[in-house]
Amino acid sequence: MLGLSRAAVNRKVRQNKPLSIEESSRVLGIGSLIGQVQVMVEESGNAAGFNAAEWTAAWLNRPVPALGWLRPMELMDTFDGQALVSVVVARMQSGAYG
């Protein structure tokens, strides 16, 4: 989901190397989106048994009409793309997008 193979992550950990700026941006953006989804579900009143990380991972990989049928994951590599994806999630909460 992050555009990093497990081997690449393991290698960075073993070598104690940081993520690149782009990799870090994706990690932070996806983490923020997971948090946004979790809050959205909690505010709905029934978050019991809901796994925001799993739901977000699945949603990020499905084409979304509100994004011109792009998969949200395709937009997560830039700040502007992350902001657009966040807006779509917020619209889902408000009922403006289903």
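This is a predicted model: local features need pLDDT of at least 70, side-chain atom pairs count only at pLDDT 80 or more; totals for chains, interfaces and linings use all residues.

Biologist: In which loop is Trp 69 found, and near what value is its phi?

Modeller: Trp 69 is found in the loop between H3 and H4. Its phi is positive although the residue is not a glycine, and the value is near 70 degrees.

Biologist: Where is the place of Asn 16, does it count as buried or exposed, and near what value is its phi?

Modeller: The place of Asn 16 is in the loop between H1 and H2. Because its relative accessibility is 70%, and exposed means over 50%, Asn 16 counts as exposed. Asn 16 is also a residue other than glycine with a positive phi, and that phi is near 55 degrees.

Biologist: How many helices and strands does the chain have, and what is the order of its elements from the N terminus on?

Modeller: The chain has 4 helices, whereas the number of strands is 0. Read from the N terminus on, the elements therefore run α-α-α-α.

Biologist: How confident is the predictor, and in which helix of the chain is confidence highest?

Modeller: Over the chain the mean pLDDT is 88, and 93% of the residues reach 70 or more. Confidence is lowest in helix H1, residues 6-14, where the mean is 81. The highest confidence, at a mean of 95, belongs to H3.

Biologist: What share of the residues of the chain counts as buried, and roughly what box do the C-alpha atoms fill?

Modeller: The chain has 98 residues, and 26% of them count as buried. Taken along the principal axes, the box filled by the C-alpha atoms is roughly 45 × 30 × 20 Å.

Biologist: Which elements give two or more residues to the largest nonpolar core, and which gives the most?

Modeller: The largest nonpolar core has 16 residues, and among those with the most contacts inside it are Leu 33, Trp 59 and Val 89. Helix H2 (21-44), helix H3 (52-60) and helix H4 (79-94) are the elements that give two or more residues to this core. With 5 residues, the element that gives the most is H2.

Biologist: Which residues does Trp 59 touch, leaving out those up to four places away in sequence?

Modeller: Trp 59 is one of the residues with the most contacts inside the largest nonpolar core. Once residues up to four places away in sequence are left out, Trp 59 touches Leu 33, Val 64, Pro 72, Val 85, Val 88, Val 89 and Met 92.

Biologist: How do we describe the way H2 passes H3, and at roughly what angle do their axes cross?

Modeller: Two packed helices are described by the angle between their axes together with the distance between those axes. H2 passes H3 in a right-handed crossing. The axes of the two helices come within 9 Å, and they cross at roughly 115 degrees.

Biologist: Which residues make that contact, and how many of them are nonpolar, polar and charged?

Modeller: From H2 the contact uses Ile 30, Leu 33, Ile 34, Val 37 and Gln 38, while from H3 it uses Ala 52, Ala 53, Trp 55, Thr 56, Trp 59 and Leu 60. These residues of the contact of H2 with H3 divide into 9 nonpolar, 2 polar and no charged.

Biologist: Where does Ala 47 lie, and which residues is it in contact with, leaving aside its neighbours within four places in sequence?

Modeller: Ala 47 lies in the loop between H2 and H3. Its relative accessibility is 23%, so Ala 47 counts as partly exposed. When neighbours within four places in sequence are left aside, Ala 47 is in contact with Gln 38, Val 41 and Glu 42.

Biologist: In which helix is Asp 80 found, and what separates its C-alpha atom from that of Ala 52?

Modeller: Asp 80 is found in helix H4, and because its relative accessible area is 62%, it is exposed. Asp 80 and Ala 52 are 28 residues apart along the chain, and their C-alpha atoms are separated by 22 Å.

Technical notes
Residues are numbered from 1 along each chain as its sequence is written. Side-chain values use heavy atoms; hydrogens and water are left out. A nonpolar core is a set of buried Ala, Val, Leu, Ile, Met, Phe, Trp, Tyr and Cys residues joined through side-chain atoms within 4.5 Å. Buried means under 20% relative accessible area, exposed over 50%, partly exposed in between (1.4 Å probe, protein chains only). Contact means heavy atoms within 4.5 Å. Axes are lines fitted to C-alpha atoms, for helices over the stretch in contact, and angles run from 0 to 180 degrees between N-to-C directions. A crossing is left-handed if the near helix is turned anticlockwise from the far one by less than a right angle, and right-handed if clockwise. Ala, Val, Leu, Ile, Met, Phe, Trp, Tyr, Cys and Pro count as nonpolar, Asp, Glu, Lys and Arg as charged, and the others, Gly among them, as polar. pLDDT is the predictor's confidence in each residue, from 0 to 100.
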